[in-house]
Amino acid sequence: VQSKILQAEDGYSLNLLFLAKNKPSIQLIANMELSQTFGTAGSSSFFSTDFNLNFKDFNLPDSLFSIRGSALNDWSLSFLYFQPFNRHLYASLLVDYTRQNYKLYDSYTFVQDKISLGINNYNHFFMEGGAFINFNKVPLFEDQTELKKEWDWGFFTETNLNFLDQPAFSERGFLFKSQAKVIIPLKENKTLWNDFSLPVSFKLKAAFPLSQKFFLNLSLFAGYNFKSPLQNGLIELEGFNNYDRLYFPHNCSKNEFSNHEFAASASLLFLPSRALTIFGGKLYISAGASYASLKTFKEGEWTVNTG
């Protein structure tokens, strides 16, 4: 608070100026996740622990320095610095290390540095763009007798338009998300300009209320690589995959990666009661169906997996 006493002809007046002052704070978030999938071809399980340590107002007003990590099935550690310049413009720097295990003799190691500039209206619109450089190490054979090490760099842009009333079990609204990357491989300290890849993806989701208790959710995803096919190493990091259980609820085998992907899903939500308890909360019952297709370039030929 800044105060000042001013003298006037009819007396004195007191002027008070209130200034917002952010105090540095530390926040710790921990999470545990367990998922199990059963199918006719087999079953799969996933268990992980995650933590997120946030330092708010780290060195400048409204800045954020975040340390994130996960363990057990996947191992990762990332450092994020986020600095807003005003209400709508910000910059961020991300350093990420990830080691993912997909089966007994199949693991991948990725290191990514990314710097970006974004626009966010904190309501419905988000747009970000920037540059990145990656290092990845993947096995060429199942026994990991030989590892393939690759570098690549490039540019990316992402746009998000979100009018859904809630991120999960949406009752009304729509979401449109697009992402594009220019990926340029590096080999023996040389930039392979002619071998660049251009994966572009779009996601559309819409929710419609059919009545006060029934709601329809429709979702569509399309991803296409317009230039050189992503090979082993780059495809695990920059390609499309079958991670999303919205489109791949049946997946019990190892994860697949692709240059092209098309997926669609439809679900019907039933809301028995608006208030689950006296303290609030909602219970949804959902039934749905999905279709997905992955197209991958392996050993000089294209293969297609659908489900």
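**Figure 1. Partly exposed residue F169 in the predicted model.** F169 has a relative accessible area of 42% and is therefore classed as partly exposed, since this value lies between the limits of 20% and 50%. The structure shown is a predicted model. F169 is located in the loop that links β10 (147–162) to β11 (173–187). Its backbone phi angle is positive, at about 55°, although F169 is not a glycine.

**Figure 2. The largest nonpolar core of the protein.** Seven residues, given here by number, form this core: F221, F240, Y247, F248, A263, A292 and L294. One of these members, F248, touches N241, N242, E261, A292 and L294, when residues up to four places away in sequence are not counted. Of these contacted residues, A292 and L294 also belong to the largest nonpolar core.

**Figure 3. Overall context for the close-up views.** The protein contains 19 strands and 1 helix. Of its 307 residues, 32% are buried. Among contacts in the protein with a separation of 6 or more, 47% are accounted for by residues 24 or more positions apart. The accessible surface of the protein amounts to about 19,200 Å², and carbon and sulfur atoms contribute 61% of this area.

How values were computed: Residues are numbered from 1 along each chain as its sequence is written. This is a predicted model: local features need pLDDT of at least 70, side-chain atom pairs count only at pLDDT 80 or more; totals for chains, interfaces and linings use all residues. Side-chain values use heavy atoms; hydrogens and water are left out. A nonpolar core is a set of buried Ala, Val, Leu, Ile, Met, Phe, Trp, Tyr and Cys residues joined through side-chain atoms within 4.5 Å. Buried means under 20% relative accessible area, exposed over 50%, partly exposed in between (1.4 Å probe, protein chains only). Contact means heavy atoms within 4.5 Å. Helices (H or I, at least four residues) and strands (E, at least two) are DSSP runs, numbered from the N terminus. Accessible areas come from the Shrake-Rupley method with a 1.4 Å probe; for residues, only the protein chains shown count as cover.
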